[in-house]
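Subject: A structure for you to look at

Hello,

Here is the structure I promised to pass on. Please have it open while you read, as my notes follow below.

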Amino acid sequence: MLERIEMKMHVDMLRAASALARQRDVTVGQLVRDLLAREITRAHARPPIRADERLVAPLRARLADDLAHATGWEDLQARLQAKGYVLRASGGGLALHDWPGDRRICKASELGFSYARLMRRFGAPFPDHPHGHLIARHLPQGSSAAHPQAQTETGAPEGTPDTDVDVIEPC
């Protein structure tokens with residue numbers, strides 16, 4: 001239900017609002033309602049949760065070898081659990097949680113390992129990750145469930161000699 005309100009507006013602002021409303025094929029009232037709705041949504045949006053760099057830096061150093069040398073998702077989870085951590089799906093990526101308490105610590109990308117990078121390296125999505133649409137964007141066709149074996153960073157099945165040049169890819 002709409003309530004009627006009155007407001008004062010400078011004549012130049014009203015002219016500009018009228019022109020913008022005509023451009024969008026709406027009334028000035030609808031234009032104002034749309035702008036207010038957008039501002040209210042933005043004001044109530046949750047800010048991104050960023051971990052304190054003083055806490056992340058030591059974690060990054062402690063877990064770098066495990067994140068860099070894991071051969072697949074199961075191996076990575078086992079390595080992390082041995083040190084008291086676990087990865088969980090979080091939004092469109094992954095978050096590091098303490099284990100067994102399961103308290104969120106930071107995003108995997110804050111440790112230098114984005115979900116997309118790990119997915120490409122392992123050739124498969126994180127088990128049961130809710131954002132399946134990311135698979136098509138980050139994995140070449142023929143990867144993932146069709147080839148569940150562990151892969152090296154070059155994408156070759158584990159155990160295949162690495163005779164190719166090193167490729168540095170953006171995160």
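Let me begin with a term: a salt bridge here is a side-chain nitrogen of Lys or Arg within 4 Å of a carboxyl oxygen of Asp or Glu. Before the examples, a word on the ground rules. You are looking at a predicted model, in which local features need pLDDT of at least 70 and side-chain atom pairs count only at pLDDT 80 or more, while totals for chains, interfaces and linings use all residues. Residues are numbered from 1 along each chain as its sequence is written, and side-chain values use heavy atoms, with hydrogens and water left out.

**Salt bridges**

The salt-bridge rule gives a count of six. One of them joins the side chains of D66 and K83, at 2.6 Å from N to O. D66 belongs to helix α3 (residues 53-69) and K83 to the loop between α4 (73-82) and β1 (85-90), so this pair ties together parts that are 17 residues apart in sequence. Helices (H or I, at least four residues) and strands (E, at least two) are DSSP runs, numbered from the N terminus.

How open are these residues? I call a residue buried under 20% relative accessible area, exposed over 50%, and partly exposed in between (1.4 Å probe, protein chains only). D66 is buried, with a relative accessible area of 8%, whereas K83 is partly exposed at 29%.

A second pair is R79 and D75, whose side chains form a salt bridge of 3.1 Å, N to O. Both residues sit in helix α4, four residues apart, which is about one turn of the helix. R79 is partly exposed at 27% relative accessibility, and D75 is partly exposed at 24%. These two pairs are connected: D66, D75, R79 and K83 are linked in a network of salt bridges.

D98 and R103 make another salt bridge, at 3.5 Å from N to O. Here D98 is buried, with a relative accessible area of 18%, but R103 is exposed at 54%.

**The sheet**

Next, the strands, where two of them pair if DSSP finds at least two bridges between them. Strands of a sheet pair through backbone hydrogen bonds, either parallel or antiparallel. In this model three strands form an open sheet in the order β1-β2-β3, with antiparallel pairing. β1 and β3 (104-107) stand at the edges with a single partner strand each, so one side of each has no neighbour in the sheet. On average, neighbouring strands are turned by 35 degrees against each other, direction ignored; axes are lines fitted to C-alpha atoms, for helices over the stretch in contact, and angles run from 0 to 180 degrees between N-to-C directions.

Six bridges join β1 to β2 (residues 93-98), and Y85 has D98 as its bridge partner in β2. Helix α3 packs on the sheet and touches β1, β2 and β3, its direction making about 110 degrees with that of β1. Contact means heavy atoms within 4.5 Å.

Between β2 and β3 there are three bridges, and L96 stands opposite C106 in β3. The hairpin of these two strands has five residues between them, and D102 there takes a positive phi near 65 degrees.

**The core**

A nonpolar core is a set of buried Ala, Val, Leu, Ile, Met, Phe, Trp, Tyr and Cys residues joined through side-chain atoms within 4.5 Å. The largest one has 22 residues, of which L63, W73, L76, L87, L94, L96 and L111 touch the most other members. Two or more residues of this core come from each of α3, α4, β1, β2 and α5 (115-122). Leaving aside neighbours within four places in sequence, L111 has contacts that include L63, L96 and C106.

The predictor's confidence in each residue is its pLDDT, from 0 to 100. The protein chain has a mean pLDDT of 78, and 73% of its residues reach 70 or more. Among the elements, α4 has the highest mean pLDDT (95) and helix α6 (residues 133-138) the lowest (67). Over residues 142-171 the pLDDT is below 50, and beyond near neighbours in sequence this stretch has 33 contacts in the model. Where pLDDT is low, the predicted coordinates should not be read in detail.
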